[in-house]
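The following note sets out several local points for a colleague who has the coordinates open. Each point is meant to be read beside the structure.

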Amino acid sequence: MEQNLPERNEVPVSMTWRLEDIYETADLWEKDLEKANALAKELAGLEGHIVESPDTLLKAMKLFQDTMETISSVYSYANMKHDQDTAEPENQKLIQRAQMAYVGISEMLSFMDPEILSLPEERLKEFYEEEKGLEEFRVTLDDVYRMKEHSLSKIEEKILAASGDMAETPSNAFGMLSNADMKFPEIEGEDGEKIGLSNGRFVPLQMSHNRDLRKRSFEAFYEKYKEFKNTFAALYDGQVKQQIFYAKSRGYESTFKRAVDGNNVDPAVCDNLIASIHDNMDKMHRYVGLRKKLLGVDELHMYDVYAPMVQDYTVKVSYEDAMAISLEALRPLGEDYIEVVKEAYENRWIDVLENKGKRSGAYSSGVYGVHPYMLLNFNGTLDDIFTLVHEMGHSMHTYYSSKNQSFLNSEYKIFVAEVASTTNEVLLLEYLLKKAEDEKEKANLINHYLESFKGTVYRQTMFIEFERKTNEMAEQGIPLTADTLSELYLSLNKEYFGDEMISDPLIAYEWSRIPHFYYNFYVYQYATSYAAAVDIAHRILEGEENALSNYREFLRSGCTKDPVSLLKIAGVDLSTRKPIDSALKIFDEAITVMEEISDK
């Protein structure tokens with residue numbers, strides 16, 4: 001690991017995404033920014049008239065779709081430019097302008113929902129009969145009527161829309177503080193070299209076989225977050241308060257109810273997840289006990305959580321090899337699928353390497369009419385291969401939705417967003433297990449599988465409990481301070497990891513580094529999606545009749561049905577506890593296999 005991260009201009013061009021596919025020049029971005037505002041103004045000029053006739057409603061909906069498609073491209077470009085180097089002043093200006101434009105357009109168009117809802121639902125049905133072109137917008141219009149109970153007057157909607165830019169402040173400030181302004185210390189590596197800590201380097205260091213290095217990097221990393229605990233607490237408090245503001249404004253009894261209703265998902269889906277996890281907490285504790293045994297330690301600490309349970313086995317893979325592995329692993333999804341993945345690799349859809357100021361983590365971002373993009377921070381670990389196929393799953397979901405649906409109908413809900421990504425991870429794992437040459441390699445892969453369950457199912461459920469409890473505290477008037485947040489997080493950590501784990505005091509500050517806490521109840525969907533993906537992938541690999549074709553239909557369907565119904569197309573019913581319980585049974589079986597291998 002090199003001492004310092006490269007500057008952005010030092011990263012090989014071949015390892016960067018080609019944002020020129022969206023806008024070849026800055027002038028073209030400016031023109032689309034102007035175009036988006038012009039379209040919005042034209043649409044705003046129809047205020048008071050959009051439901052006069054089927055023709056006027058169709059005209060309004062076409063303008064709305066064109067406006068949102070254009071501003072989405074403008075925003076996505078600016079966001080990715082910013083994320084590739086968050087410290088670059090020009091990138092900061094770009095994203096701020098894009099955010100202001102997005103909020104301004106939302107404010108201009110805030111009259112639409114109240115005006116549409118002034119049309120009786122029976123009359124809307126007649127509109128569909130009289131103007132067949134409206135069928136393209138049925139999903140969007142029906143969703144407006146679904147939310148009628150929580151829609152406000154034109155003036156109130158305008159005020160809420162105008163507040164959107166302000167509401168982004170906690171999230172924006174969190175990103176700037178954690179990715180750009182915080183200066184992490186250097187620590188001494190195994191060979192005496194100096195290693196600059198960063199958000200991107202933290203987990204790879206925690207995966208080291210050197211326990212002393214893990215301990216020192218853990219302590220140095222979280223001491224830095226502890227140093228800024230009050231600032232992070234204030235930012236998170238601001239995030240929760242804006243969610244409460246919007247929930248109350250729209251007549252919801254809680255922030256959580258508003259969040260899930262926005263995705264058209266029954267709150268019972270999340271409640272079922274939490275209930276299943278609590279009923280199966282013994283499996284997590286069993287896993288922790290196995291980890292302690294295989295690491296051979298008297299005490300298991302939080303800096304031992306990422307350490308491979310397979311001793312003296314390190315996977316280091318080049319990006320080129322990771323791409324080749326992914327192509328083979330994903331072949332069960334069809335040759336046309338593979339051809340698009342190749343295109344992503346060959347035509348620079350991916351920003352691969354970490355550089356100074358780059359946003360931590362990984363994501364996929366769709367740009368309708370162009371292609372999806374992926375941000376990685378590739379370090380050559382086994383986890384990085386899984387991250388690659390994970391983000392490729394998101395991108396392929398976006399690719400197929402965009403190719404088969406209009407812009408508005410392609411925008412699948414967050415609830416189903418993690419299914420395609422995790423299905424890819426399961427396919428990769430099964431491929432690597434089949435190729436494993438010895439028991440140690442197989443054990444290392446099962447170790448990864450267990451880590452995925454621990455991190456995606458249990459950990460994300462712990463996160464949603466933290467998020468729900470902190471929102472409930474704020475709704476009850478309990479202040480969200482660094483101390484109350486840290487005490488809650490530490491108590492949840494102890495509950496989930498059990499008595500075999502020493503919950504080191506510094507882990508209490510882990511909440512302060514989790515960007516997903518600014519995503520408005522996003523995290524539980526990782527766990528539900530993981531359960532769905534395990535089921536889908538295994539049925540595809542087993543050659544179950546129609547499993548692949550049904551899954552591909554799911555990928556093409558965008559948001560044309562509610563999320564739970566979409567997953568039923570792929571053969572998974574998340575309105576019940578069955579998918580979660582089935583997945584946890586597989587987790588338990590994997591623990592048994594790991595125990596058997598370790599006893600040989």
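Helices and strands are named here from DSSP runs, with helices of at least four residues and strands of at least two, numbered from the N terminus. The structure under discussion is a predicted model.

1. Asn264 belongs to the loop that lies between H13 and H14. The phi of Asn264 is near 60 degrees, a positive value in a residue other than glycine. Most residues other than glycine have a negative phi. With a relative accessible area of 26%, Asn264 is partly exposed.

2. Asn520 is not a glycine, yet its phi is positive, at about 60 degrees. The residue sits in the loop between strand E7 (501-502) and H23. Its relative accessible area of 24% makes Asn520 partly exposed.

3. Packing of H15 on H26. How are two packed helices described? For helix H15 (residues 281-295) and helix H26 (residues 578-598), the angle is about 20 degrees and the axes are 10 Å apart. Angles under 35 degrees count as roughly parallel, and H15 and H26 are therefore roughly parallel to each other. The crossing of H15 past H26 is left-handed. On the H15 side, the contact is made by Lys283, Met284, Arg286, Tyr287, Leu290, Lys293 and Leu294. On the H26 side, Leu584, Phe587, Asp588, Ile591, Thr592, Met594, Glu595 and Ser598 take part. By class, the residues of this contact comprise 8 nonpolar, 2 polar and 5 charged.

4. Side chains of opposite charge can pair when their charged atoms come close. Glu595 and Arg286 form a salt bridge, with the closest N and O atoms 2.8 Å apart. Glu595 lies in helix H26 and Arg286 in helix H15, so this pair ties together parts that are 309 residues apart in sequence. Glu595 is partly exposed, at 23% relative accessibility, and Arg286 is also partly exposed, at 27%.

5. A network of salt bridges. Through salt bridges that share partners, Asp143, Arg146, Asp261 and Lys413 are joined into one network. In total, the structure holds 44 salt bridges.

6. Two further salt bridges. In which helix do Glu126 and Arg123 lie, and how many residues apart are they? Both are in helix H5 (residues 121-130), and because they are 3 residues apart, about one helical turn separates them. The closest N and O atoms of the Glu126 and Arg123 salt bridge are 2.7 Å apart. Glu126 has a relative accessible area of 41% and is partly exposed; Arg123, at 29%, counts as partly exposed. Asp21 forms a salt bridge with Arg18, where the closest N and O atoms are 2.7 Å apart. Asp21 is partly exposed at 29% relative accessibility, and Arg18 is partly exposed with a relative accessible area of 27%.

7. Is Leu485 buried or exposed? At 0% relative accessibility, Leu485 counts as buried, the cut-off being under 20% relative accessible area. Leu485 is part of helix H22 (residues 482-497). Leaving aside residues up to four places away in sequence, Leu485 touches Ala233, Tyr236, Phe466, Thr470, Leu480 and Trp511. As for Ala233, it is 252 residues from Leu485 in sequence, while the C-alpha atoms of the two are 7.5 Å apart in space.

8. Lys435 and a pair set apart in space. Lys435 lies in helix H20 (residues 414-435). With a relative accessible area of 51%, Lys435 is exposed. Between Lys435 and Ala161 the separation is 274 residues in sequence and 53 Å in space, C-alpha to C-alpha.

Methods
Residues numbered from 1 in each chain as written. Predicted model: local features only at pLDDT ≥ 70, side-chain atom pairs only at ≥ 80, totals over all residues. Heavy atoms only, no water. Axes fitted to C-alpha atoms, helices over the stretch in contact; angles between N-to-C directions. Parallel < 35°, antiparallel > 145°, perpendicular 65-115°, else oblique. Left-handed = near helix turned anticlockwise from the far one by under 90°. Contact = heavy atoms within 4.5 Å. Nonpolar A, V, L, I, M, F, W, Y, C, P; charged D, E, K, R; others polar. Salt bridge = Lys/Arg side-chain N within 4 Å of Asp/Glu carboxyl O. Buried < 20%, exposed > 50% of the residue type's maximum accessible area, 1.4 Å probe, protein only.
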